[in-house]
Amino acid sequence: MASIRNDSSRCFNLDARNLEGYLLIAAAAFCYGASAAIGKAVFNGARWVRGAGISPLILSQTRSTFALLVLLPIILLVRGPAVLKASKRTLLQCAAMGVFGICGANFFYYYAIAKSTVATAITVQYTAPVWVYAYSVAAGRNRATWLRSLAVMLAFMGCGLVALSGHEAQIRVSAIGILSALGAAFSYSFYNLIGADLLRRLSRWLVLFYCLLAASVFWLIVNPPWKIVAQHYSSREWLFLFGFAMISMLLPFALYLGGLRLLDPTSAIVTSCLEPVFASVLAAGLVGESLSAWQIVGIALVLSQSVVIQLPEGKPANHGDTEARRKPL
């Protein structure tokens with residue numbers, strides 16, 4: 001117990017440096033949550049963007065492509081071209097992370113939002129820490145504990161309450177939405193697992209660039225440029241898609257990186273759990289999605305499992321590994 005208290009006090013010691021880190025991570029979570037609510041408004045045909053023709057596929061594709069186009073000159077000017085040198089093995093791993101991680105998580109997430117509600121999509125997606133933990137235990141990277149087993153039960157109870165309570169109409173039409181959200185959770189889990197391995201030895205900017213490059217190329221194959229041109233998007237719609245890419249991809253990533261440099265990974269991940277809270281509240285305001293009392297309880301359970309599963313296991317973390325992971329920028 002003393003060890004847990006000591007680890008917790010180290011994680012949540014609010015000096016000026018840590019406070020800045022928490023605010024940066026919270027700002028990133030707000031951007032992600034806001035993008036979920038905005039995406040739902042677009043799928044509903046918001047008048048301010050005439051978004052009826054903007055599908056989850058287009059939103060996912062332009063989100064990666066515009067972010068890549070803005071990121072490249074920033075990297076070249078700030079870090080220099082040398083930061084982009086990578087081996088063939090690294091390129092293949094980044095390609096897998098970009099296609100199965102970024103593309104999968106983005107598409108399934110926004111498809112789930114379109115077919116169900118923001119609360120359902122984001123809550124089911126936030127079971128990702130459980131799947132990562134289950135894989136880590138099966139692969140021998142972590143040991144199972146009663147505390148983390150409790151987190152698994154909290155996650156599935158919470159998801160059940162969010163997905164299956166509320167209006168009867170939602171229950172009838174949300175099955176595909178729930179399955180899509182699970183797809184987003186699995187893709188996000190893969191993204192985190194392979195990303196953690198890459199970030200131990202590579203610059204985060206290199207990883208992000210090649211992941212976005214792979215995602216952009218994949219989307220161009222799935223949805224070629226002439227199909228996009230055939231949609232005849234207006235200048236207002238293109239402006240929205242560009243702004244959405246900055247708000248939902250590039251800006252929150254930069255904020256998260258800034259916060260991660262000031263905090264330990266556990267504190268950063270726990271703070272990012274504000275995302276579903278922001279998303280659900282903003283969706284209620286922007287698109288009128290109401291939350292029942294049971295759904296609010298479900299959200300609280302999923303948020304609690306995200307915190308519980310990150311708690312220290314009673315022995316000090318390997319600070320050497322932490323520093324090694326933070327070294328490349």
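This is a predicted model: local features need pLDDT of at least 70, side-chain atom pairs count only at pLDDT 80 or more; totals for chains, interfaces and linings use all residues.
**Surface patch**
- Trp146, Leu150, Met153 and Met157 together make a nonpolar surface patch of about 480 Å².

**Helix 3 and threonine 62**
- Helix 3 runs over residues 56-78, a stretch of 23 residues, and from its first C-alpha to its last it reaches 33 Å, which is close to the 33 Å expected at 1.5 Å a residue.
- Glycine 80 follows helix 3 and has a positive phi, near 90°.
- Threonine 62 lies in helix 3, and it counts as buried because its relative accessible area is 7%, under the 20% cut-off.
- Leaving aside residues up to four places away in sequence, threonine 62 touches Ala67, Trp238, Leu241 and Ala245.
- Although threonine 62 and phenylalanine 242 are 180 residues apart in sequence, their C-alpha atoms are 7.3 Å apart in space.

**Cysteines**
- Zero disulfides are found when the whole structure is searched, a disulfide being a pair of cysteine sulfur atoms within 2.5 Å.
- For cysteine 103, the closest cysteine sulfur is that of cysteine 211, and because the separation is 9.7 Å, the two are too far apart for a bond.
- Cysteine 103 is buried, with 2% relative accessibility, and cysteine 31 also counts as buried, with 8%.

Technical notes:
Residues are numbered from 1 along each chain as its sequence is written. Side-chain values use heavy atoms; hydrogens and water are left out. Buried means under 20% relative accessible area, exposed over 50%, partly exposed in between (1.4 Å probe, protein chains only). Patches are made of residues with over 30% relative accessible area and no salt bridge: like charges are joined within 9 Å, nonpolar side chains (Val, Leu, Ile, Met, Phe, Trp, Tyr) within 5 Å. Accessible areas come from the Shrake-Rupley method with a 1.4 Å probe; for residues, only the protein chains shown count as cover. A salt bridge is a side-chain nitrogen of Lys or Arg within 4 Å of a carboxyl oxygen of Asp or Glu. Helices (H or I, at least four residues) and strands (E, at least two) are DSSP runs, numbered from the N terminus. The expected span of a helix is 1.5 Å times one less than its number of residues. Contact means heavy atoms within 4.5 Å.
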